[in-house]
Amino acid sequence: MTGKKSPWGSGGGDTPPKSDGGKPQGDGPTEPAPPAEGPRNPWLPPQAADAPQKRGPNIEDIFRARKGGGGGGGGGKGPTMPRLPQRPDGKSWAPVGIALVIAIWLGTSMVHRIAPQEKGVVTTFGAYSRTLDNGMAVTLPWPIQSVSVQDVTSIRRESIPEGDGEKLMLTGDQNLVDLTYLVRWNIKDLKQYMFQLAEPDQTVREVAEAAMRQSIAEVTLNDAMGSGRQQIEQNVRDRMQKVLDAYRSGVSIQGVDIKKTDPPTKVVDAFKDVLAAQQDAQSDINQAQAWAQQLTARAGGEATAFDKVYEQYKLAPEVTRRRMYYETMERVLSKTDKVILETNNVQSYLPLPEMKRTQVTKPAEGGN
Amino acid sequence: MSFLQNLWAEQKAAIVTVAVALVAAASCVKVVDEKTQAVVVRLGQPERVVNRFRPDVEFGQTGAGLVWRIPFMEQVVEVDRRILDLDMERQQVLSADQRRLEVDAFARFRIIDPVRMVQTAGTTERVAEQLQPILNSALRQELGKRTFGSLLTADRGRAMEQIRAGLDREAREYGAQIIDVRIKRADLPEGSPLESAFTRMATARQQEAATLRAQGQKTAQIIRATAEATAAKTYADAFNKDPAFYDFYRAMQSYDATFSQKGSSTSIVLSPDNEYLRQFKGK
């Protein structure tokens, strides 16, 4: 590093010295280094030839050099005035620099480009003069007039609360609800927005909080969590607008959106149980209805069946009756064990206990 | 030769004159913008007010801009002209029915008499500092007169208006006007009030759940009973046409169901006198 050629070696005096200020200074003037072989730095004084060589000049060196009469020449006249390097034709850069600074100053402070969504407020010595719509605009230069540009049409969003934390609010029936919401607003009157309120953004937030809590306090928990949401949103919006208009804040509330309304975490289980209970009740009812359908359908079926048979029976009562009797007996007796006995002798010969119970013949007689 | 050095050498007198004139002008002039009103104080005495707030004057016509002053003799004291924020510390308020509520409120105020403000408080921060305890106590007093329930609802607006009026009276002393007082938050304090609210909510829900379940059961029972009644009516309507035949018809079905089931091991002992065997005997 230190043995390398100085960057100023071939550059002559044209390059501003300060543009290389940072790094070489880090080497430090006292740091010993091998003597340079290449062309010497023209900014260094001649007597510095024996002193330890450095890669570049630092500011002290430049001033010292000037005192010593070396370097760019003309040294020693202005004792402390820093000088710019000269142009190739030997004239100073200073007029060019001054002209450039003035041009930049006028350019930036007189010409303003206002984007389509923006507006600008022109103040003359601090007093409001006019509002700039979008496009190019020319004003007087800076100390006289200044322009402050703000985005007016795009909607700003304030999410309340900012974090993910629980935000409990008291409802009218003294329950708590965890509610987060979003306020959308923009600037409707830029000069009012700029000059009326000390902290317009914070004011919007605070007004939103006050309005939301007041609106929530007017409804019940169930309304807040369910059907009343839209009404609340509208309510808060109107309230906020009213207050902000009363402040003449120049702020227009575009809308309030409730993002979520939940029961507090601590009671969320109880709320879930209510939902479960609704389901339970519904399933009870469904089961009962299914059962009822079955029952009435069966009754209908049986009644109709009876009606059909009865219709035929009426046409020929005696025959139908006998036919049915025999058919049934057939089915019954064909599947059972049958014993035919003379009743008077048999009684004592029946040891089987189940035989005693089989007085089944009696219904058959009853069918007579 | 350097341009600047030349300039300096040739125009020394002119440059010095211009510089001195600029400095002199700067000390005679002060920019008062739309956001501020200024009190010009001459030798410690408020002399005049620039850009004083008047509600009906549009921006641009308020007198903002350059203000002339006599150097050294007059000082320009700047006072904020905008609506300022007076934020109350969060504090507990006891309602008339002895329930605690944690209240966060804010007030908005504006300096409408800057001379008085400069004389009494000096800076707007000081005004806010002075008004804060007044707001706190006004709030506590006013809310303490009301019940917890009414604080939550419509009454709140009236309470706020009263607090605003009371605070405004005090604020006028400092040249300030209270524009608005609002409760930002009203919460139950941590600890037992909050816990008991949670418990109340939970039990209310439990009750709701139990009621819902019972209602469901009740409805189900009614549905079942109605169905039974309907079925009974259907049966009765049909069978009542001929009860004797129904008895026979149903008996036949019953025998079928009882005896002719698959795998039934019924033994039947028939007497030869049985009706079924009447033909069997060949009579």
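Before the surface, one term: helices, as used here, are DSSP runs of at least four residues, numbered from the N terminus. Keep in mind that this is a predicted model.

Now the surface. Which helix gives the nonpolar patch its largest share? That is H1(B), with 6 residues. The patch covers about 890 Å². Chain A contributes Ile98(A), Ile102(A), Trp105(A) and Trp142(A), and among the residues from chain B are Phe3(B), Trp8(B) and Val16(B). Take Val16(B) as an example from helix H1 of chain B.

Next, the place where the chains meet. Chain A puts 107 residues into the contact and chain B puts in 95. Between them, about 9500 Å² is buried, and 65% of that comes from carbon and sulfur atoms. On the chain A side, Gln174(A), Glu206(A) and Phe306(A) supply 7% of the area that chain A buries against chain B, more than any other three residues. The rule finds 8 salt bridges across this interface. As for a salt bridge between named side chains, Arg213(A) and Asp187(B) form one, at 2.9 Å from N to O.

Then the inside. The largest nonpolar core holds 91 residues. Tyr181(A), Met212(A), Met240(A) and Leu143(B) have the most contacts inside this core. A further core of 30 residues lies apart from it, with Met329(A) and Phe245(B) among its members. Going back to Leu143(B), its contacts beyond four places in sequence include Val93(B), Leu151(B), Met160(B) and Ile183(B).

Last, some backbone details. In chain A, the peptide bond from Ile160(A) to Pro161(A) is cis, with omega near -5°. Pro161(A) sits in the loop between strands S6 and S7 of chain A. Gln174(A), which came up at the interface, is in the loop between S7 and strand S8 of chain A. Its phi is near 60°, a positive value in a residue other than glycine. In chain B, Phe72(B) also has a positive phi, near 70°, and lies in the loop between strands S4 and S5. Phe72(B) counts as exposed because its relative accessibility is 80%, and exposed means over 50%.

Definitions and conventions:
Residues are numbered from 1 along each chain as its sequence is written. Chains are lettered from A and ligands numbered from 1 in the order in which they are written. Side-chain values use heavy atoms; hydrogens and water are left out. A nonpolar core is a set of buried Ala, Val, Leu, Ile, Met, Phe, Trp, Tyr and Cys residues joined through side-chain atoms within 4.5 Å. Buried means under 20% relative accessible area, exposed over 50%, partly exposed in between (1.4 Å probe, protein chains only). Contact means heavy atoms within 4.5 Å. Patches are made of residues with over 30% relative accessible area and no salt bridge: like charges are joined within 9 Å, nonpolar side chains (Val, Leu, Ile, Met, Phe, Trp, Tyr) within 5 Å. Accessible areas come from the Shrake-Rupley method with a 1.4 Å probe; for residues, only the protein chains shown count as cover. A salt bridge is a side-chain nitrogen of Lys or Arg within 4 Å of a carboxyl oxygen of Asp or Glu. Helices (H or I, at least four residues) and strands (E, at least two) are DSSP runs, numbered from the N terminus. Buried area is the accessible area (1.4 Å probe) that two parts lose on being put together, summed over both.
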